[in-house]
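Subject: Structure handover

Hi,

Have a look at it first, then read on.

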Amino acid sequence: MTVHETRGKNRPRRTCLAVPGSSVKMLTKAQGLAADQVFLDLEDSVAPIAKPEARQNIIQALRTGDWGGKIRVVRVNDWTTEWTYQDVVTVVEAAGEHIDAIMLPKVQTAGQVAALDMLLSQIERSRGLEHGAIGIEAQLENALGLVNVDEIATASPRLETLVFGPADFMASLNMKSLVVGGQPEGYPADAYHYIFMRILMAARAHGLQAIDGPFGQIRDVPAFEEAAKRAAALGYDGKWVLHPGQIEPGNAIFSPSQEDYDHAEEILDAYAWYTSEEGGARGAVMLGDEFIDEASRKMALVIAGKGRSAGMTRTRTWSPS
């Protein structure tokens, strides 16, 4: 098992906070917020002339900031620009030991992920960093990226997440909407359902996390919650947040309810006992009024795992009667 598989793929990413690298104020404030992950941005939120200074701001924040237990990610510019290699080399050489993952935007082919992997490996060797310790997050933002999503998902052992980028994706499809992550007027169903499921299936097939992108109307918390609940219901691990006001509801939505968490742990306890010799070595039993078997155990593992990674504690226990 590689380094990133033990450190990155299973950590909670309920909320992933976008922080512009050009703002020292925001880089400082983000350290005290309750997001599971922060990504320090060098791409869309940073003007072209401000990118060199933003790199230095990010390096300083990573090296001297107190990020607690947050996952620290740097989003670089995509490979079609002139900035990508300088983003990676400059930031990773100066602060690589403080970086958990590099986010690559606008990924269209597996080769783009492989190229980033190769560059990271060279920097790690040249700087004496632990090989493979820096993961990769691949952001899917257009039609070609979605078509190639299965190949992208297997492009590097460093890969930890597949991230949906709604704004560029909406433009890529000529979607009739100006609200990032919002439903286009006139379409009676969920316009993103196929995209969500396609990314999610590729992620789960290859052991990756799936992350939903931002909701642009940052003051409309109920609309953010609606979008987040849609992704969470499908099984997404988390969602981008653009404003501190989105963090608390995002963390709650991508965590199980206390009742569901307690019940999942009870199912696991009961099934473990009933399948043991002491419990009668039974594979299908009743838990109260509920039938449980191996499939129930697998479903309970998902909910219990989400609760444990969110730091939840049980309020009740199960014991055989």
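Which residues line the largest cavity? They are Phe 164, Pro 166, Gly 181, Tyr 192, Phe 196, Asp 212, Gly 213, Pro 214, Ala 227, Arg 230 and Lys 239. Before the details, a word on conventions. This is a predicted model, in which local features need pLDDT of at least 70, side-chain atom pairs count only at pLDDT 80 or more, and totals for chains, interfaces and linings use all residues. Residues are numbered from 1 along each chain as its sequence is written, and side-chain values use heavy atoms, with hydrogens and water left out.

**The cavity and its charged residues**

A cavity here is a set of points on a 1 Å grid over the protein atoms alone where a 1.4 Å probe fits but cannot get out; a pocket is an open set with protein on both sides within 12 Å along at least five of seven lines, and lining residues have an atom within 4 Å of a point. Grid points are joined across faces, edges and corners, and a volume is the space filled by probe spheres set on the points.

Arg 230 pairs with Asp 190 at 3.1 Å, N to O. That pair links distant parts of the chain, with Arg 230 in helix H10 (residues 221-234) and Asp 190 in the loop between helix H8 (166-172) and helix H9 (193-205), 40 residues apart. Helices (H or I, at least four residues) and strands (E, at least two) are DSSP runs, numbered from the N terminus.

Asp 212 forms a salt bridge with Lys 239, the closest N and O atoms being 2.8 Å apart. Asp 212 sits in strand S7 (residues 209-212) and Lys 239 in strand S8 (residues 238-241), so this pair ties together parts that are 27 residues apart in sequence. Both Asp 212 and Lys 239 are buried (under 20% relative accessible area; exposed is over 50%, partly exposed in between, with a 1.4 Å probe and protein chains only).

**Other salt bridges**

The count comes to 25 salt bridges. One network links Asp 41, Glu 43, Asp 44, Arg 75, Lys 106, Glu 141 and Asp 168. Lys 106, in the loop between S4 and helix H5 (110-127), has a positive phi of about 50° although it is not a glycine. Lys 106 is buried, with a relative accessible area of 19%.

**Strand S3**

Arg 75 belongs to a strand whose residues point two ways: Ile 71, Val 73 and Arg 75 to one side of S3, Arg 72 and Val 74 to the other, and all are buried. With five of the five residues of S3 (residues 71-75) buried, the strand is largely enclosed by the rest of the structure. Two strands pair if DSSP finds at least two bridges between them. Strand S2 (residues 37-41) runs parallel to S3 and is joined to it by five bridges, with Leu 40 opposite Val 74. On the S4 side (residues 101-104), three bridges join the parallel strands, and Val 74 stands opposite Ile 102.

The largest pocket has a volume of about 500 Å³. Of its 19 lining residues, the closest to its centre are Arg 204, Gln 209, Asp 237, Gly 305 and Lys 306. H13 gives the largest share of this lining, five residues, and the lining divides into six nonpolar, six polar and seven charged.

The second largest pocket holds about 300 Å³ of space. It too is lined by 19 residues, the closest to its centre being Asp 44, Arg 75, Pro 214, Trp 240 and Leu 242. Its lining has ten nonpolar, four polar and five charged residues.

Best wishes

How values were computed
Salt bridge = Lys/Arg side-chain N within 4 Å of Asp/Glu carboxyl O. Nonpolar A, V, L, I, M, F, W, Y, C, P; charged D, E, K, R; others polar.
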